[in-house]
Amino acid sequence: MHAITAKLIALERAEACVTSGWPKDAQWRLREQAKLLRGDLPPHILSVFDRFKTESKGAVVGVFGSRCDGCHMGLSKTALARLKQGNELSRCGRCGRFIYAFESLVSHGHHPVAKRTKYAA
């Protein structure tokens, strides 16, 4: 996964958590994290990211199989191969969102769906 893609995912999550009713101390930490991440990202990347955020759409989405999870259109074999190499920042050719191979997110230790743990009473 490209380093900028990983930062965009972290930024999107941090900003989403701030607006989702987390405790105030956690919101403060998340705002600080988002501020640091924004400082690490190039302005032209942030402008695209913010455009999708303004439109209430996810700016960074996974590719499952060969389909963009934003617009659900298939990527070409060439685009998929480049995405899986992770050497460059990738965007969907149809919707323009930043994309990542879902498998690479899981292999980097990020799990998009939290597992629930049952606790003994």
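Modeller: Leaving out residues up to four places away in sequence, Gln-27 touches Val-18, Gly-21 and Trp-22, where contact means heavy atoms within 4.5 Å. This is a predicted model, in which local features need pLDDT of at least 70, side-chain atom pairs count only at pLDDT 80 or more, and totals for chains, interfaces and linings use all residues. Residues are numbered from 1 along each chain as its sequence is written, and side-chain values use heavy atoms, with hydrogens and water left out.

Gln-27 belongs to helix α2; helices (H or I, at least four residues) and strands (E, at least two) are DSSP runs, numbered from the N terminus. Its relative accessibility is 13%, so Gln-27 counts as buried (buried is under 20% relative accessible area, exposed over 50%, partly exposed in between, with a 1.4 Å probe and protein chains only).

The part to look at is the packing of the helix that holds this residue. Two packed helices are described by the angle between their axes and the distance between the axes. Helix α1, residues 3-18, packs with helix α2, residues 24-40, at an angle of about 150°, and the axes are 9 Å apart. The axes are lines fitted to C-alpha atoms, for helices over the stretch in contact, and the angles run from 0 to 180 degrees between N-to-C directions. The angle makes α1 roughly antiparallel to α2 (under 35 degrees is roughly parallel, over 145 roughly antiparallel, 65 to 115 roughly perpendicular, the rest oblique). The crossing of α1 and α2 is left-handed, meaning that the near helix is turned anticlockwise from the far one by less than a right angle, while clockwise would be right-handed.

On the α1 side, the contact is made by Lys-7, Ala-10, Leu-11, Ala-14, Glu-15, Cys-17 and Val-18. On the α2 side, Gln-27 takes part with Leu-30, Arg-31, Gln-33, Ala-34, Leu-37, Arg-38 and Asp-40. By class, the residues of this contact are 8 nonpolar, 2 polar and 5 charged (nonpolar covers Ala, Val, Leu, Ile, Met, Phe, Trp, Tyr, Cys and Pro; charged covers Asp, Glu, Lys and Arg; the others, Gly among them, are polar).

Helix α1 also packs with helix α3, residues 43-54, at an angle of about 40° and with the axes 12 Å apart. Here α1 passes α3 in a right-handed crossing. Ile-4, Leu-8, Leu-11, Glu-12 and Glu-15 of α1 meet Ile-45, Leu-46, Phe-49 and Lys-53 of α3. That contact has 6 nonpolar, no polar and 3 charged residues.

Now the rest of the chain. The protein has 5 helices and 4 strands, in the order α-α-α-β-β-α-β-β-α along the sequence. Of its 121 residues, 35% are buried. Among contacts with a separation of 6 or more, 56% are between residues 24 or more positions apart.

A pair of aromatic rings is described by the distance of the centres and the angle of the planes. The whole structure holds 1 aromatic pair (ring centres of Phe, Tyr or Trp, the last by its six-membered ring, within 6.5 Å; planes under 30 degrees apart are stacked, over 60 edge-to-face, the rest tilted). The ring centres of Phe-64 and Phe-102 are 4.5 Å apart and the planes stand at 35°, so the pair is tilted. Phe-64 is partly exposed at 39% relative accessibility, and Phe-102 is partly exposed at 24%.

Gly-70 lies in the loop between β2 and α4 and is partly exposed at 25%. Leaving aside neighbours within four places in sequence, Gly-70 is in contact with Val-61 and Arg-97. His-72 is in the loop between β2 and α4, and its phi is near 65°, a positive value in a residue other than glycine.

Ser-90 lies in strand β3, residues 90-91, and is buried at 8% relative accessible area.
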